[in-house]
Amino acid sequence: MIVSRRETWLGRVLLIILMVVTIVPFISLFITALHKPGTYPSGLSLPETPYWSNFVDAFTAADMGALLWSSALIEVGVVPVALLIATLAGFSLGHLRPPGHRAIFLAFVIGLTLPFQAVIVPLYYQMRDVGLLNTRWAIILPLIGLYMPFAVMWMRAHFVNMPEDLSEAARIDGANTWKLFARIHLPLSTPALSSLGILLFLWTWNQFLLAVVLVDDPTKRTMAGALGAFQGQWGTDIPLLCAGSLLILTPTLLVFLAFQRQFVSALMQGALKG
Amino acid sequence: MQMRTTDTTGRREVAAPASTSHEARRRALRARRLRRGWVALGLVVPAAAFYAAFVLRPLALTVQYSFYKWNGVTASTFVGLDNYRRLTQSSETLGSIGNALQLIIYFSFVPVLLGLLTAATIRKFATSRLALASRTVLFLPQVIPLVAAGIMWTWLLASDGLVNELLRGIGLGGVTRAWLGDTSTALPAVGVIGAWVALGLCMLLLLAGMTKIDPSLYEAARIDGAGAVREFFAITLPSVRQEIGVCVTVTIIAALAAFDIVYISTQGGPANSTLVPGLEIYYLGFFSRQVGQASALAVVFMALVLAVVLPIQRLTRED
């Protein structure tokens, strides 16, 4: 292919500018977090002595241990259940195709563009009536339901593309529906399942609205919800706020860097299918 | 479905004893299909139950609440379409919808256009080391909570923040201000945050679409003497139509449903200049306790999202 030198350089420069614009807010956050607590540092000015203790203070102030534990509990409550029931439904609607499968699928798809704010008011009263307000269940249960349109669509799209012959052969060998699912189709779904798992993990970790509305106690919220509360409480102490934000970001960033390739492909596919 | 039935029948004929009548075999087959149908429907039940309990039911309740006047505690009274009538008369509500529509420019158009421009320029070395390494960096805003993006940018856009420092540095000290605190710049400033979040994803999605284009198309165009601009409009743009549709849909929903970023950076202020429907539903429902009013706005809000998103879907899906 003919590529002129000038175009290549222009492209490189553009890409680097884009990367700088993306990364600078993080650097600014980090540098600010090292300033003397209680001060109001300006721009990118470097602190005379870095106050690493800010991170320790923020860790205690935000009760970070409890926050991590809470987010982990919510993840454990949401992701496996959502994956399991979405896979079952996707397998049924995409592969077994019982009578009425089109109508059922359509009913799920309706929820796809639904912003969470559209249902948040009734959800609050629903949770209040069953006495789950201010518990982690108030985040876990609705999130599973709210993920269903996307998760079922995702798994159905996977099972629709599985060859019919495969099930045919298994049926002839005497497999019932359960064996067909557990022995044949489930092992073949690992890539689709892990991508979906990554997306659900991320969305749960970053869920803000449900946490803010349904749970008052920051130590029972998701990480994003806790960060909101932290800002409300420490919003005036900028270095401490920045240190706390960074601490709350760190677990996601570590997981992201460890599973980069899977994250990138999951997010790209997620956007394309959504 | 049809294929499978004939296939099974064909094979069973071999295995079945000669005495079995055709009729009995068909009945057995139908019974099995019916049983499998019930099993298959049973597998959908858990997902459908969660979906019905936490999406469909609240959705129906939102519609129901919207016809009542209720403070969430005492008895409610039926008021018909009153809540909707009051929505159309409330400058706050109309303003919030206007703000959400304006946010589309920043959350959607800016990142998609910039993403297209960048992707088209770096398309030719999309597999170089630099481009591959850039993925990690450009995905960071997608991975962090929007709340964190809001906190970072609130600080960057503050009166002594980095943005103003840079402006002073290049001699534009006159335009510096607290970007999020000024009624005339607060909404675009919130928009900048949204654009920053979406830009990387849009660029990479469009780039992925462009790498699938057959290179011989470009060679043919170059031989015909087409310049970079002609090439872009004649080949690149039509080929990534679907990816553009995806980017536009995702970012428009993000703009209309904006909540996290606005909540953190401006709380809808100053003077409601950044109030959006997502936030107003929250205020109405949980602060002023006008549950009916909040629900009516939620219904209008949903209709708005569908009215904007569905035409785009249709436009980009049909080929």
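Biologist: Let's start with Thr177(A). Why is Thr177(A) called buried?

Modeller: The cut-off for buried is 20 or more other C-beta atoms within 10 Å. Thr177(A) has 20 such neighbours, so Thr177(A) counts as buried.

Biologist: Where does Thr177(A) lie, and which residues does Thr177(A) touch?

Modeller: Thr177(A) is in helix H8 of chain A, which covers residues 177-188. Leaving out residues up to four places away in sequence, Thr177(A) touches Arg36(B) and Val39(B). What makes these contacts is the cut-off: C-beta atoms, placed from the backbone, within 7 Å.

Biologist: How many residues are in contact between the chains?

Modeller: On chain B there are 87, and they meet 86 residues of chain A. Helix H2 of chain B, residues 22-65, supplies the largest share of chain B's side, 19 residues. By class, that side of chain B holds 63 nonpolar, 13 polar and eleven charged residues.

Biologist: And the core. What makes a set of residues a nonpolar core?

Modeller: The members must be buried residues of the listed nonpolar kinds, joined through C-beta atoms within 7 Å. The largest such core here has 173 residues. Ala151(A), Val152(A), Ala47(B), Ala149(B), Leu206(B) and Ala258(B) touch the most other members. Helix H8 of chain B, residues 186-211, gives the most to this core, with 19 residues.

Biologist: Which residues does Ala151(A) touch?

Modeller: Setting aside residues up to four places away in sequence, Ala151(A) touches Ala82(A), Ala86(A), Leu196(A) and Leu200(A).

Biologist: What about domains in chain A?

Modeller: The domain assignment gives domain 1 as 5-56 and domain 2 as 63-273. Their centres, taken over C-alpha atoms, are 32 Å apart. In the contact between them, domain 1 puts in 14 residues and domain 2 nine residues. H1(A) gives the largest share of domain 1's side, four residues. That side of domain 1 divides into eight nonpolar, five polar and one charged.

Biologist: How do you know which part of chain B to read with care?

Modeller: Look at pLDDT, the predictor's confidence in each residue, from 0 to 100. The mean for chain B is 85, and 92% of its residues reach 70 or more. Over residues 1-18 of chain B, though, the pLDDT is below 50, and this stretch has eight contacts beyond near neighbours in sequence. Where pLDDT is low, predicted coordinates should not be read in detail.

Biologist: What does the model score for ipTM and pTM?

Modeller: The ipTM is 0.89 and the pTM is 0.87.

Terms used
Residues are numbered from 1 along each chain as its sequence is written. Chains are lettered from A and ligands numbered from 1 in the order in which they are written. This is a predicted model: local features need pLDDT of at least 70, side-chain atom pairs count only at pLDDT 80 or more; totals for chains, interfaces and linings use all residues. Helices (H or I, at least four residues) and strands (E, at least two) are DSSP runs, numbered from the N terminus. A residue is buried if 20 or more other C-beta atoms lie within 10 Å of its own, exposed if 12 or fewer, and partly exposed in between; C-beta atoms are placed from the backbone. Two residues are in contact if their C-beta atoms, placed from the backbone, lie within 7 Å. Ala, Val, Leu, Ile, Met, Phe, Trp, Tyr, Cys and Pro count as nonpolar, Asp, Glu, Lys and Arg as charged, and the others, Gly among them, as polar. Domain bounds come from an automatic or database domain assignment.
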